[in-house]
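Here is a short walk through one protein model. Keep the sequence and the 3D view open as you read.

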Amino acid sequence: MSAFLDMNSDTRDPDVSVDARWMDVALTLARRGLGRTAPNPPVGAVLVSPEGHAVSRGWTQPGGRPHAERVALDAAGEAARGATLYVTLEPCSHFGKTPPCADAIIRAGVARVVVAMADPDPRVAGRGLMRLNHAGVAVTFGIGEDEAKRLAAGHVSRVTTSRPHVALKLAVSRDGKVAGEGGRTVAITGEASRVRVHMMRAEADAILVGVGTVLADDPELTCRLPGMADRSPIRVVLDGALRTPLSAKIVTSARETPSWIFCAMDAPEEREQALAAHGVEVLRVDRDDAGRLDLTKTLGRLAARGVTRLMVEGGPSVAAALLSQDLIDEATIVTGPAELGPAALDALAGRSLADLTGGVGLVQSVAFAVGDDRWTTYVRA
């Protein structure tokens, strides 16, 4: 990309602080699409007049269309001519279900485009920037790139690794436990943290747990914040033998919020039929050499179905398996103030929590307090 910029980017010296301010607006707009735009990435765009006033704004709409640039251009009309467009991701240059955004920008007479990050999708990959530049549109690249990459992490993972961005969330006691003795459910974190977890769910395309979590806790795995029921992610369960009870909440509510269960090839057909009768979709995958569901193939199936951002909430066996196969891209540890004692259930089956926070290429990104709880997020270096 640097070679492309050396030859083709805008050589003027725009006020970077002004560009950064408007790009912050575009990034804020992009966040509105988290968990809603799959299989497309969440993108934000704002058009600014030559006098420095906002003309229009847009963000990628639910389901991925229309794109952010289209929304902003349509809202601006003729006012787009001569304006500067700030957009968090390189405008597309290929014909998909909609015409290229780069062509729409050119036709609208936009004078300058400020782009936060390039699109790694091989159908774009610099071609959008090049098309704009060849049409005489000034291009500035890289403003707000780090934050744009965080927002588009799911898209980047899906198109470059053929799997979703995997974000693990663990609620642990001060001594690193996730449940009481024998797996007994206990309250580990406070209400403020639980509210924040529901927002995390709203920003994910899908949420994954193992069947052990379903059997122990019977979770709903929905977003239960006021007015945000429609933001609940797809519920995904790893259940090799299809042990999920028909009375489980993820089964009885499957017609309202999608539930997908991954099972082994040899799982009972009658169980699949019973679950399907309740609206659950059952997907079969191979087992790995250890006899467990093949996680790489499972993640690949999710990506093929458009899932870009996968939140993992349980339990210890699933978390440990993902860790062992280096499939965790981000981990958020929510640590409550109490200790549960040595007989309580460890956060990672057969592994130390330190293996996750200090030994797999993850580095601490941010740490903060939420009430009496401590939130720490680790990301790939």
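Helix H7 is followed by Ser 162, whose phi is positive, near 60°. Helices (H or I, at least four residues) and strands (E, at least two) are DSSP runs, numbered from the N terminus. The model is predicted: local features need pLDDT of at least 70, side-chain atom pairs count only at pLDDT 80 or more, and totals for chains, interfaces and linings use all residues. Residues are numbered from 1 along each chain as its sequence is written, and side-chain values use heavy atoms, with hydrogens and water left out.

Stay with H7, which spans residues 153-161. Ala 153, Gly 154, His 155 and Ser 157 are buried in this helix. Buried means under 20% relative accessible area, exposed means over 50%, and partly exposed is in between (1.4 Å probe, protein chains only). What do the buried residues of H7 pack against? They meet helix H6 (145-151), strand E6 (165-172) and strand E12 (309-314).

Now turn to the open sheet. Five strands make it up, in the order E2-E1-E3-E4-E5, with mixed pairing. Strand E2 (54-59) and strand E5 (138-141) stand at the edges with a single partner strand each, so one side of each has no neighbour in the sheet. Neighbouring strands here are turned by 15° against each other on average, direction ignored. Axes are lines fitted to C-alpha atoms, for helices over the stretch in contact, and angles run from 0 to 180 degrees between N-to-C directions.

Look inside this sheet. Strands E3 (residues 84-87) and E4 (residues 112-115) pair in the parallel sense over four bridges. Two strands pair if DSSP finds at least two bridges between them. Leu 85 stands opposite Val 113 in E4. Helix H2 (residues 16-31) packs on the sheet and touches E1 (44-48), E2, E3, E4 and E5. Contact means heavy atoms within 4.5 Å. The direction of H2 makes about 140° with that of E1. Helix H3 (residues 68-76) lies across E1, E2 and E3, running at about 145° to E2.

Next comes strand E9. Five of its five residues are buried. Ile 234, Val 236 and Leu 238 lie on one side, Arg 235 and Val 237 on the other, and both faces are covered. Strand E8 (residues 206-210) runs parallel to E9, and five bridges join them. Val 209 stands opposite Val 237 in E9.

Where does Ser 232 lie? It sits in the loop between helix H9 (211-217) and strand E9 (234-238). Ser 232 counts as buried because its relative accessibility is 16%. A polar atom of its side chain lies 2.9 Å from the backbone nitrogen of Cys 223. The side chain of Ser 232 also reaches the backbone oxygen of Ala 229 at 3.2 Å. Not counting residues up to four places away in sequence, Ser 232 touches Thr 222, Cys 223 and Thr 257.

Finally, the rings. A search of the whole structure finds one aromatic pair. The rings of Phe 368 and Trp 375 have centres 6.1 Å apart and planes at 15°, so the pair is stacked. Rings of Phe, Tyr and Trp (its six-membered ring) pair if their centres lie within 6.5 Å; planes under 30 degrees apart count as stacked, over 60 as edge-to-face and the rest as tilted. Phe 368 is partly exposed at 23% relative accessibility, whereas Trp 375 is buried at 2%.

Terms used
Polar contact = N/O pair within 3.5 Å; in protein donor to acceptor, adjacent residues only side chain to side chain.
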